[in-house]
Amino acid sequence: MGWGTGLLGALVMVGGLALPRGGVAAQQAFGGLVVDSVVVEGNLRVATDDMLMLAGFQAGDTIDTSDIQTLQRALWQLGQFSDLRVFADDGASPGRGVVRVVVTERPLVRRVLIQGLENADGDLVTDEAGVREASPYDAQSVVRAKALVREALADEGIPFASIEDRLEPVPELTNVYDLHFDVAEGNRVTIAEVVVRGNEAITTEEIVGAMGTRPEGFWWFRSGDFDEESFETDRAERIPRLYASRGYLDVEVLSDTLVIDPETGKARVEIELDEGPQYRVASLNIDGNRSFDDERLETYFLPQEGGILRSLGIGGTSNEELEARGRVYDQVAYEAARETILSLYRNSGYLFAEGQLIETRRPATAEGEDPTVSLTFQVNEGQPAYIGQINITGNDYTYERVIRDRIQMVPGDVYSENLLIQSYQGINALGFFESPLPFPQIDPDPTTGEVDITFEVVERQTGAINFGTSVGGGIGLAGFIGYDQPNLFGQAKEGHLRWDFGRYVNNFTLSYTDPQLFQTRTTGTVSLFNARDRFFSFQSGERRRVGGSVRFGFPIPGAQRTRVFTGYSIARTTYDLRSSSDDNSLFGLPPGTQSQLQLGITRTTLNHPIFPTSGSRQSWNIEVNGGLLGGDGEFTRHLVEGSWWAPVGQVGGGGAEGGRPIMFAFGTSVKAGAIFGDPSNFPFDRFWMGGVQFGQQLRGYDETSITPFGYFPERSGGIADIDRLGDSYLTVTAELAMRLNDNISLSTFMDAGNVWTDPLDIDPTRLYRGAGVGVQLVTPFGPIGLDYAYGFDKTNPGWQFHFRMGGGL
């Protein structure tokens, strides 16, 4: 046979090779081809020299099939060609040939243009799918890009997108095109109705309420968008869980259908159920428990019915009565009880305790009866766990003892999950570290029964220079500059320096606080001040105070979160009455020296100093003026305050990375004050109310507008300045807060409060009311707050805007 025919016949077997164009000298067995030359045809963009370099052979070389295959692979890997053929033509003499490479280049994509894509990221095409500009056209990448876009739109509730791709030639350029993706997204699928069939025991409204797939509603959070993953969770988890809480353990979703109108995108979800029978509890046995008796553990599984009234012996149904006819088996509640009992064990040191709830189902034995479940709670207590090592990592600046002071456990203690959580919250509440802190790492060793705990922190900048402007009814427009450092020397010592200046104020304050005097748990604070107040609300004069104070705090043994305080302050006060003023009730007083002894007690379990979501704070402070202390005042002032916070839900968070959720919390607070004696020489120690900056806060009202004699607008006639002050007050606040993070919080609130001339006049039924919305921010210049509140009990009820700056948010 011919040489060329024999060689290329063998190459055809590896694919991509054409039949020979001409014969070369015949040869019975293939022994090699001597190359006369290598010719490249069809290439426009790829340089011939580059292709010849990839060949690895040249004229005069002897090649065989493997050399041709190597050339093929190298050229295909360039990704530039849609077709590639290798030929061997007759050479100058027998045994010699011309290697001819003929290629067809892929179209070159100059630009990638995407039209009509609004609800997905175009980077899916260019980055994830690999469709590149100034690159050869790749049909597989285009297919992949269209699939990714469709998938992204489906995740957004838009499952019927139409995507067309086209190549448009670029004028005056050969084989160069613009690649267009034309997207017609179509309508978003919106759930208009959920239809449930086969349900008799539980209403459709209850089932839909338990689902994540719900019809669209009036509010923005009821968009009605369809999410396939959420709907699958409805089928597999949410609906069965709801039925399991009512005793229907065999419920089955027989079918589900999504009926969509392509023209409008409105959809109807149809679900067909087989509820099955309702199970009742036949018996409950508890095995393996040694530390807690059966009766105590049974209370977690058998809660009293009837709530508060039942505890008083009124109404409800007793457990004995329920067991007589069989209690409906609430599988969800029983599982929650199992977790609660295990938490009880963990808080008692049994970290390794395990508990399994074993169900034995029995069918009904007679017509009209329900099937039953016999339950066994099998406990494996294990041995108590003891704290081994407590490690702290990441504190490069803060002293370790500062952190350990917030840890409620020491090595050798019995392990307690509650104390671990309290320790974690206490460290987080310091405010010295990035938040949220990683949850402590727990390393138990079942062989020794010891548990090593590691708290990991990340330092953050705590000192801040504050400057800017503030405005309020108490001081008007003012500027300020200061420096705050809550972690001086890394030892949680606090330094505070601030100068407020403006038309109505000129105050200088310097303070220093040591939370561990002489390495003890005693705290100490010393402060100096020089203040000139020309009140915006009281314009008949100004007050100047110069003095200082010292205060000490002592722990109460056995009460980690409670401290008592004592202190002493002395100040010289002078008043300057404006010559044009007819009202001398406030500023027409002689100078006086105020000598004051302070006593107090505070308990706090709040998990955050500014934006708490759980915990409480209670305090009672007594200020004794005069008497044996001397000075020009003879009165005692009592201040009582309490606030309580509880989490009510969260959005997001969790997952493998432990992302920070948005927390919702409900809080209430009560504040009250009373003065006994004669404070007339120091009238500004009395109480006034309204606004947010001056006196007692009541949003929705002007500053100082709530008086013992009723509502009087700010600086209105008909009442003397002194009559706006009272010797007692009471405020109550309820707030629902959304903590976006440690720097931003949104809230809705309701305030109520009043002031009275005498503590005996306090009447909680006579309070002025306000309600509204607010936002609180932590900025480099300090905390600020914006509130918009409605005052219900003003002469002309209406809205009021408030701006707050500084602490006390």
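**Cavity, sheets and helix packing in the predicted model**

About 40 Å³ of space lies in the second largest cavity, one of two cavities of 30 Å³ or more in the structure. The model is a predicted one, so to speak of local features takes a pLDDT of at least 70 and side-chain atom pairs count only at pLDDT 80 or more, while totals for chains, interfaces and linings use all residues. Residues are numbered from 1 along each chain as its sequence is written, and side-chain values use heavy atoms, with hydrogens and water left out.

A cavity here is a set of points, on a 1 Å grid over the protein atoms alone, where a 1.4 Å probe fits but cannot get out; lining residues have an atom within 4 Å of a point. Points are joined across faces, edges and corners, and the volume is the space filled by probe spheres set on them. The second largest cavity is lined by R543, R545, T573, Y575, Q594, F682, F684 and D685. Two elements, β24 (541-556) and β25 (559-577), each give two or more residues to that lining; strands are DSSP runs of E with at least two residues, helices are runs of H or I with at least four, and both are numbered from the N terminus. Sorted by class, the lining comes out as three nonpolar, two polar and three charged residues (nonpolar: Ala, Val, Leu, Ile, Met, Phe, Trp, Tyr, Cys and Pro; charged: Asp, Glu, Lys and Arg; polar: the others, Gly among them).

Next come the sheets. Four strands make up an open sheet of mixed pairing, in the order β13-β12-β15-β14, where pairing takes at least two DSSP bridges between two strands. β13 and β14 (354-362) sit at the edges, each pairing on one side only. Strand β12 (residues 280-287) runs antiparallel to β13 (residues 327-328) over two bridges, with V281 partnered by R327. On to β15 (residues 372-380): β12 runs parallel to this strand, and seven bridges join the two. R280 has T372 of β15 as its bridge partner, and N285 stands opposite T376 in β15.

α8 touches β12, β14 and β15, and its direction makes about 145 degrees with that of β12. α11 touches β12, β13, β14 and β15, its direction making about 155 degrees with that of β14. Contact means heavy atoms within 4.5 Å; axes are lines fitted to C-alpha atoms (for helices, over the stretch in contact), and angles run from 0 to 180 degrees between N-to-C directions.

The two helices also meet each other: the axes of α8 (residues 294-301) and α11 (residues 331-347) come within 8 Å and cross at roughly 135 degrees. R296, L297, Y300 and F301 make the contact from α8, and Y334, A337, R338, T340, I341, L344 and Y345 from α11. These residues divide into eight nonpolar, one polar and two charged.

A further open sheet has three strands in the order β16-β18-β17, again with mixed pairing. Its edge strands are β16 (386-393) and β17 (441-445), and the twist averages 15 degrees from one strand to the next. β17 pairs with β18 (residues 450-456) in the antiparallel sense over five bridges; D443 and D452 are bridge partners there. Helix α13 (residues 417-429) packs on this sheet, touching β17 and β18, and its direction makes about 20 degrees with that of β18.

Conventions: On a 1 Å grid over the protein atoms alone, a cavity is a set of points where a 1.4 Å probe fits but cannot get out, and a pocket is an open set with protein on both sides within 12 Å along at least five of seven lines; lining residues have an atom within 4 Å of a point.
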